[in-house]
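Let us walk through this structure step by step. Keep the sequence and the 3D view side by side as you read.

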Amino acid sequence: MTKEQKRNFWLYSTGRLVSLIGTGVQMIALPLYILDLTGSGTLMGTFSLLSMLPGLIFSPIAGVLGDRMNRKKIMVNMDYLRGIIILFMAYSAYQGWMNIAFIFTAQVFISILDSIFGGSTEAMFPDLVPIDFLTKANSVNSSINSVSRIIGPILGGIIYGFGGIKVVFLINGISFVISAISEMFITYVPHFEGKQKISFKSMFSDIKEGVIFIKGRKGLKELLLFVMIVNFLLAPILTIVLPYVLRQEIGFTSEQYGITQSSFTVGILIGSILIGTIFSKNNPKKSVTLGLTVEAIMLFIISGLFFPNIVTKFGGASWTLLIILYINLMLIGVSNAFINIPIDTNMQKMTPTKVRSRVFTVVGLIAQGAVPVGAQIYGILLDLMRGYQIALFASIVSVIVIILFLKIAPEETFNPKPVNKEA
């Protein structure tokens with residue numbers, strides 16, 4: 001890496017760490033504030049929906065903007081805009097104007113701005129570092145995400161408890177402004193020349209071009225299909241089935257359940273560090289295969305731990321069972337890093353910069369769109385079946401999908417030829 005590339009990378013990463021910690025503080029505190037204000041679980045759920053849905057719907061357009069406009073300017077402006085909105089929320093809370101309608105409206109705008117920011121920054125990142133450094137760079141980014149997810153919620157609970165929601169907004173707003181200032185010093189040459197005209201017709205045409213690009217690349221298409229199916233099968237196990245089993249079927253306290261919530265993120269952090277150091281030169285196929293194998297084994301073990309007779313042998317909601325579950329969930333997090341970092345790196349390598357925003361946002365829309373569908377289905381199944389039965393079934397189907405993927409996925413899925421940056 002050149003001196004300028006190192007500088008760009010650390011400016012990008014530092015700004016990201018600061019803003020992600022600020023976001024983590026707000027995302028843990030705001031639902032608590034809504035609950036304290038209204039006592040309504042439904043409104044908490046609505047806030048969660050508004051945090052995801054507008055951005056998800058807007059993501060294809062965000063992809064077009066990221067390919068048609070200067071990505072650095074988008075990144076900086078989105079951070080400033082989010083900072084201004086959140087600082088205004090802090091001022092509103094201080095003045096006593098804050099209400100649920102105001103929070104929900106602001107969250108819709110923030111979700112859309114998040115989408116525009118993500119569509120550009122994810123596509124811009126591979127242009128900031130050399131191709132042979134991408135795996136290490138992605139492992140550092142993954143570590144930053146993990147650290148922010150650990151620190152942010154902890155700080156959010158403490159800050160909200162001592163200073164209230166206005167201090168939470170103030171800290172998050174300032175974090176976005178600091179992030180924007182850091183990003184302003186990044187040296188970035190736009191991936192196009194001249195002004196790019198954008199119209200509704202060109203937007204739909206550009207989105208279509210991104211979809212066509214995916215369809216024309218077998219390695220990318222197989223990868224997307226696999227990620228979509230796995231997200232559909234496994235993400236709801238961690239977000240829907242696990243909380244239900246731990247609280248309703250096994251009977252862990254809220255404090256014990258809270259402890260398990262850090263396990264997956266701690267695992268991702270450990271896995272990211274391992275990928276960035278010891279396994280940085282590892283063949284991507286070996287890393288992905290190892291990660292998928294370990295993840296499948298851990299899911300089977302967790303399914304077994306959910307069986308009523310096994311729970312009884314451990315004495316019910318005991319600390320021994322909790323520690324074993326924590327270790328298993330942490331290992332799933334480690335394996336997740338071994339899967340996701342090489343996959344992200346390969347997607348960056350096989351996608352030219354001029355269509356990268358569109359391709360990444362379409363991929364994100366399809367992959368993440370499968371999660372709420374799976375969550376809804378698993379939620380219905382929990383009223384019809386026991387949690388351990390669902391977990392076991394999902395584990396068996398996942399193993400079949402993993403074996404098929406490793407057998408039929410072309411070599412370019414794991415070891416793609418880097419595309420020309422201007423291709």
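A cavity is a set of grid points where a 1.4 Å probe fits but cannot get out. The model shown here is predicted. How many cavities of 30 Å³ or more does the structure hold? There are three.

Take the second largest cavity. Its space comes to about 40 Å³. Tyr12, Arg16, Ser19, Met75, Phe117, Thr121 and Glu183 line this cavity. Which helix gives the largest share of that lining? The answer is H1, with three residues. Helix H1 spans residues 3-38, and both H1 and H4 supply at least two lining residues each. Three of its residues are nonpolar, two are polar and two are charged.

Now turn to the charged pairs. Side chains of opposite charge can pair when their charged atoms come close. A salt bridge here needs a side-chain nitrogen of Lys or Arg within 4 Å of a carboxyl oxygen of Asp or Glu. By this rule, the structure has five salt bridges.

Start with Arg82. Its side chain forms a salt bridge with Asp79, at 2.5 Å from N to O. Both residues sit in helix H3, which covers residues 71-95. Arg82 and Asp79 are three residues apart there, so about one helical turn separates them. Are these two residues buried or exposed? Both are buried.

Arg82 has another partner. Its side chain also meets that of Asp114 in a salt bridge, again with an N to O distance of 2.5 Å. This pair links distant parts of the chain, with Arg82 in helix H3 and Asp114 in helix H4 (residues 100-128). The two residues are 32 residues apart. How accessible are they? Arg82 has a relative accessible area of 5%, so it counts as buried. Asp114 has 29% relative accessibility and is therefore partly exposed.

Next, look at Glu249 and Arg386. Their side chains form a salt bridge of 3.7 Å, N to O. Glu249 lies in helix H8 (residues 218-250), while Arg386 lies in the loop between helix H14 (353-382) and helix H15 (387-408), so the bridge ties together parts 137 residues apart in sequence. Glu249 is partly exposed, with a relative accessible area of 24%. Arg386 is partly exposed too, at 37% relative accessibility.

Ile259, Trp319, Ile323, Ile327 and Leu331 make a nonpolar patch of about 460 Å². Where does the largest share of the patch come from? Helix H13 (residues 319-350) contributes four residues. Ile323 lies in helix H13. Its relative accessible area is 49%, so Ile323 counts as partly exposed.

Finish with Ser395. This residue lies in helix H15. Is Ser395 buried or exposed? Its relative accessibility is 2%, so Ser395 is buried. Ser395 and Pro190 are 205 residues apart along the chain, and 45 Å separates their C-alpha atoms.

Notes:
Residues are numbered from 1 along each chain as its sequence is written. This is a predicted model: local features need pLDDT of at least 70, side-chain atom pairs count only at pLDDT 80 or more; totals for chains, interfaces and linings use all residues. Side-chain values use heavy atoms; hydrogens and water are left out. Buried means under 20% relative accessible area, exposed over 50%, partly exposed in between (1.4 Å probe, protein chains only). Patches are made of residues with over 30% relative accessible area and no salt bridge: like charges are joined within 9 Å, nonpolar side chains (Val, Leu, Ile, Met, Phe, Trp, Tyr) within 5 Å. Accessible areas come from the Shrake-Rupley method with a 1.4 Å probe; for residues, only the protein chains shown count as cover. On a 1 Å grid over the protein atoms alone, a cavity is a set of points where a 1.4 Å probe fits but cannot get out, and a pocket is an open set with protein on both sides within 12 Å along at least five of seven lines; lining residues have an atom within 4 Å of a point. Grid points are joined across faces, edges and corners, and a volume is the space filled by probe spheres set on the points. Ala, Val, Leu, Ile, Met, Phe, Trp, Tyr, Cys and Pro count as nonpolar, Asp, Glu, Lys and Arg as charged, and the others, Gly among them, as polar.
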